[in-house]
Amino acid sequence: MAARSLLLLIIALNLLSRQVVVGDIGTAASYNPPYLPTKCNGNREDQFPAGNLFVAVSEGLWDNGAACGRRYRMRCLSGNRRPCKADTVDVKVVDFCPISPCPSTILMSNDAFATISRSGQKINVEYVQNFWEVGWTAFHVEKKDYRNIL
């Protein structure tokens with residue numbers, strides 16, 4: 001009985017210590033100005049985050065406009081001639097891909113693209129939505145003391 005209780009306790013603690021990641025893999029390319037108007041906020045210049053770290057997304061991420069304002073953490077995975085820098089970049093969605101068909105999953109502003117890539121060519125990226133940057137959390141786990149549970 002004690003061994004079973006200890007095993008259940010270990011499993012519970014292991015599950016609570018896991019991190020949940022909701023990410024995906026796609027492609028990214030840079031796009032040039034003019035960046036206005038956008039599908040999200042038209043000609044408003046205040047829609048662009050500091051450092052011009054923003055993106056336009058393709059149909060798969062657009063979600064009928066619900067993507068506007070979403071934030072993603074991105075990193076370069078691979079590409080021709082080893083373009084990847086070790087950095088990640090946090091970007092904000094401000095537009096639907098202005099090119100049809102869209103040449104990549106995500107089109108990045110030149111400044112955002114230069115943060116993670118040394119080249120101007122399309123790259124493979126990993127992107128994860130940043131729930132913590134929009135003022136709410138996707139889930140909540142309380143830390144509890146499980147020493148006296150049994």
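Rings of Phe, Tyr and Trp, the last taken by its six-membered ring, count as a pair if their centres lie within 6.5 Å. The exercises below apply this to a predicted model.

**Exercise 1.** Determine which residues form one aromatic cluster, and classify the pair of Tyr-35 and Phe-54.

*Solution.* A search of the whole structure finds 5 aromatic pairs. In one of them, Tyr-35 and Phe-54, the centres are 4.8 Å apart and the planes stand at 90 degrees, an edge-to-face arrangement, since planes over 60 degrees apart are given that name. This pair links distant parts of the chain, for Tyr-35 lies in the loop between β1 (23–31) and β2 (54–57), whereas Phe-54 belongs to strand β2, 19 residues apart. Both residues, Tyr-35 and Phe-54, are buried. Together with Tyr-31 and Phe-48, Tyr-35 and Phe-54 make up one aromatic cluster.

**Exercise 2.** Classify the pair formed by Tyr-72 and Tyr-127, and locate both residues in the chain.

*Solution.* The ring centres of Tyr-72 and Tyr-127 are 5.8 Å apart and their planes meet at 80 degrees, so the pair is edge-to-face. Tyr-72 sits in strand β3 (residues 71–79) and Tyr-127 in strand β6 (residues 123–129), 55 residues apart, and the pair thus links distant parts of the chain. Tyr-72 and Tyr-127 are both buried.

**Exercise 3.** Describe the largest nonpolar core and the elements that give two or more residues to it.

*Solution.* The largest nonpolar core has 21 residues, and those with the most contacts inside it include Val-55, Val-57 and Met-74. Among the elements giving two or more residues to this core are β2, β3, β4 (88–96) and α3 (110–116). Apart from this core lies another, of 9 residues, including Ala-56 and Leu-107.

Definitions and conventions: Residues numbered from 1 in each chain as written. Predicted model: local features only at pLDDT ≥ 70, side-chain atom pairs only at ≥ 80, totals over all residues. Heavy atoms only, no water. Phe/Tyr/Trp six-rings, centres within 6.5 Å; stacked < 30°, edge-to-face > 60°. Helix = DSSP H or I, 4+ residues; strand = E, 2+ residues; numbered from the N terminus. Buried < 20%, exposed > 50% of the residue type's maximum accessible area, 1.4 Å probe, protein only. Core = buried A, V, L, I, M, F, W, Y, C linked by side-chain atoms within 4.5 Å.
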